[in-house]
Amino acid sequence: MTTTNLAPVTATDWLGLRDRVAVVTGAAGGIGAAIALELARCGARVVVLDLNRDGAVETARRAADLGVDTLGLGVDTADGSSVASAVDAVAEGFGHVDVLINNAGIMRAGDLASVSRTDWQRVLDVNVTGYLLCSQAFGAGMRQRGRGSIVHVSSISASHPQPSSGAYSPGKAAVSMLSRTLAFEWGPYGVRSNSIAPGMTRTPLTESFYTTPGVLEARSGVVPLRRVGTPQDLADAAVWLASDRAGYISGQEIQVDGGFTQTLMSHIPRPGYE
């Protein structure tokens, strides 16, 4: 039986997230931290999970400075017992979870002809299995209550192969399908599942690219909006999808890439039309 039980939305709480409990994984920095802080600005109570415990605690502190209840925990999202411990801690501190943002992820370089089994498996463990484990653990209460929203951070490389990155593209493709399958299976319980696919985004993980002379200009030049994305760009999309304002959207993926993935035809010579 699906129930709504949506909280009234006021002019000052347009997204309806005030006092909702939101868990964000991989939120010690970058996109995850931006999402956690944006949720806090919207009045949500925020739980920050990251393998880097100190980073998680720091993001939680920054969110608390915005006037909401927070909790920062060191968690390996690819480890079931670690996730279970986090569920217990969240239940003790907050009682339930309304929103889950699956964001924790890693990348290991290597072409498919030579990528090691260890690197391949670790990327899949974190980038795919971790998303499933967190969805199962935090989604159980959502299904019982008949409402909840899960947003998964995928990548444009889920649809456009990224070479020399080992399991990264295959893993992100799996995330996109995981999200759609969860939307299908858990929709009858009132739980929505969607994903966002970042394009080129300047984060601590990619900062070394942009310190190379000319890279920022070159990358910006191939994006129709003529700039590289920021973590805030992703946070804005993720928080909206998590909110009641996206209440009839499920099983979808939003490309947050400044229009970059729509530029394929620019690679085809068309004499007289350039």
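Which residues are buried in H2?

## The buried side of helix H2

In this predicted model, the buried residues of H2 are Gly55, Ala56, Thr59, Ala60 and Ala63. They lie on the same side of H2, because the arc they cover around the axis is only 135°. The elements against which these buried residues pack are H1, E2 and E3, whereas the face turned away from the buried side carries Arg53 and Asp54, which are exposed.

With 12 residues, H2 reaches 16 Å from its first C-alpha to its last, which is close to the 16 Å expected at 1.5 Å a residue.

Seven strands form an open sheet with parallel pairing, in the order E3-E2-E1-E4-E5-E6-E7. Strand E3 (70-74) and strand E7 (253-256) each have a single partner strand and stand at the edges, so one side of each is left without a neighbour in the sheet. On average, and with direction ignored, neighbouring strands of this sheet are turned by 15° against each other.

Within the sheet, E5 (residues 148-153) pairs with E6 (residues 191-198) in the parallel sense over six bridges, and valine 151 has asparagine 194 in E6 as its bridge partner.

## Helices on the sheet

Helix H1 (residues 30-41) runs at about 170° to E1 and lies across E1, E2, E4, E5 and E6. Helix H2 (residues 53-64) also packs on the sheet, where it touches E2 and E3, and its direction makes about 175° with that of E3.

Notes:
Residues are numbered from 1 along each chain as its sequence is written. This is a predicted model: local features need pLDDT of at least 70, side-chain atom pairs count only at pLDDT 80 or more; totals for chains, interfaces and linings use all residues. Side-chain values use heavy atoms; hydrogens and water are left out. Two strands pair if DSSP finds at least two bridges between them. Helices (H or I, at least four residues) and strands (E, at least two) are DSSP runs, numbered from the N terminus. Axes are lines fitted to C-alpha atoms, for helices over the stretch in contact, and angles run from 0 to 180 degrees between N-to-C directions. Contact means heavy atoms within 4.5 Å. The expected span of a helix is 1.5 Å times one less than its number of residues. Buried means under 20% relative accessible area, exposed over 50%, partly exposed in between (1.4 Å probe, protein chains only). The arc is that of the directions from the helix axis to the C-beta atoms.
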